[in-house]
Number of protein chains: 2
Amino acid sequence: MESLNTSRDEVTAGLLVIGDEILSGRTKDKNIGFIASHCTGIGIRLKEVRVVADDETAIISAVNILREAYTYVFTTGGIGPTHDDITADSIARAFGVSIDIDPRAVALMRERYAEADLTPARLRMARIPAGAVLIENPVSKVPGFMIGNVVVMAGVPAIMQAMLLAVTPSLKTGAKHFSESIHVNAPESKIAFPLAEAQRVFPEVAMGSYPFFEDGRYGTNLVLTSADTALLARARAELIARLPRDISFCG
Amino acid sequence: MESLNTSRDEVTAGLLVIGDEILSGRTKDKNIGFIASHCTGIGIRLKEVRVVADDETAIISAVNILREAYTYVFTTGGIGPTHDDITADSIARAFGVSIDIDPRAVALMRERYAEADLTPARLRMARIPAGAVLIENPVSKVPGFMIGNVVVMAGVPAIMQAMLLAVTPSLKTGAKHFSESIHVNAPESKIAFPLAEAQRVFPEVAMGSYPFFEDGRYGTNLVLTSADTALLARARAELIARLPRDISFCG
């Protein structure tokens with residue numbers, strides 16, 4: 001139903017998760033869900049997520065495709081001090097700009113580190129592409145950055161979250177979408193027809209159906225989404241009126 | 001380090017997660033991590049993940065790009081009975097084949113459902129692209145399918161897992177990669193230099209560094225990966241010998 005909700009002044013985003021450890025399964029990603037919920041909450045529509053390896057060609061290609069396609073691109077991972085952290089350099093290449101140790105980043109890091117602790121490895125984290133705006137992070141002081149429409153953040157969830165909250169006030173946001181959920185104690189197949197009928201009556205309201213399996217029983221969450229709360233309420237009433245009489249639900 | 005481990009007879013995969021609910025953040029994906037670990041375990045290298053909306057154009061485009069690029073493509077989500085489940089039809093379009101209710105799928109569903117319960121909505125789940133091989137699922141009986149190199153599975157984790165296990169024996173697999181982890185009680189910046197040096201000595205062994213923040217302290221997991229266990233052991237010894245004397249580690 002994606003396309004029904006798409007409007008010209010919609011603010012969209014793509015997310016690029018960078019890291020071999022996610023693709024090998026060793027680390028379970030915790031950032032996609034957080035960023036997705038955060039975007040929905042502030043009125044940015046996340047349209048696509050990609051996960052790629054710590055591989056320069058893969059990062060550059062994905063960043064360039066996503067930054068053309070969406071209002072914003074968020075990236076997570078690969079901005080640490082070790083040799084496999086190549087995100088900042090890859091982003092600089094994607095934009096065709098130089099990259100070097102940024103005195104503004106070093107100044108922020110001095111708030112945390114003694115001069116002797118600003119080792120070459122730590123200073124590697126102060127490498128920022130030319131023209132980028134820094135994103136402060138209260139957790140570890142090492143900043144993320146934003147260049148063009150690309151927001152580059154750490155992969156460690158607590159630090160990524162701090163950076164995302166720090167950059168949020170500077171992002172343009174669109175109409176918030178509101179959701180109504182109906183939790184149905186019946187499998188999807190029981191509500192497929194009434195749902196499709198209600199969708200036909202209210203084509204502007206996105207209606208999704210999400211099956212679950214809980215305590216040995218199948219159930220379905222029906223979710224209605226719209227930027228217009230009055231329309232949403234009418235669509236919800238329409239759907240509820242069409243649900244079969246013999247199934248129970250909450251919502 | 002991705003490219004160092006890539007060989008011509010490597011078996012690769014892309015994963016396509018399909019669903020508005022993941023992109024809105026309402027549902028937190030649990031399939032990426034499972035499929036990633038499973039692939040690593042059986043010697044298939046997951047190279048890329050994409051998450052797209054329940055949108056025909058987005059699904060077709062992603063499937064066609066991924067099936068060209070990798071040995072296999074796994075998809076999750078969008079094969080239920082409701083109007084927003086458009087994965088099977090989109091896959092048929094991507095392959096340019098017809099799609100209809102498949103008597104083999106209906107036969108499998110009869111093992112679970114009485115004839116009267118094979119409603120039009122349920123039969124929608126038996127729509128299978130022409131030429132596809134069915135993937136049985138003991139959990140709900142409704143099958144997934146494989147067409148060309150694309151494995152199409154449900155989004156509900158328990159059902160996806162059953163389908164993945166069912167299809168695994170028919171997949172070709174490559175050399176398994178083995179990993180060694182060293183859990184270091186020091187931030188990444190303390191081990192960046194010795195890690196880069198060890199990497200230089202053993203370029204064929206992928207060496208990754210994964211920072212974490214636990215109980216108020218920074219630590220790092222160093223992970224070495226190779227298909228050659230003897231080489232892996234030598235690289236591990238090299239790295240440990242180079243770690244600073246004043247940091248503690250296990251591994």
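**Exercise 1: the interface**

Count the contacting residues on each side, then size up the interface.

- Start with contacts (heavy atoms within 4.5 Å): 58 residues of chain A touch 57 residues of chain B.
- Next, the area: chains A and B bury about 4400 Å² between them, meaning accessible area (1.4 Å probe) lost on putting the two together, summed over both. Carbon and sulfur atoms give 57% of that.
- Finally, on the chain A side, Leu23(A), His83(A) and Tyr210(A) lose the most area to chain B, together 14% of what that side buries.

A word on ground rules: this is a predicted model, with local features needing pLDDT of at least 70 and side-chain atom pairs pLDDT 80 or more, while totals for chains, interfaces and linings use all residues. Residues are numbered from 1 along each chain, chains are lettered from A in the order written, and side-chain values use heavy atoms, without hydrogens and water.

**Exercise 2: a helix in chain B**

- Helix H2 of chain B has 12 residues, 31-42, so at 1.5 Å a residue it should span 16 Å, the count less one being used.
- Its end C-alpha atoms are 16 Å apart, which agrees.
- Just past H2(B), Gly43(B) has a positive phi of about 85°.

Technical notes:
Helices (H or I, at least four residues) and strands (E, at least two) are DSSP runs, numbered from the N terminus.
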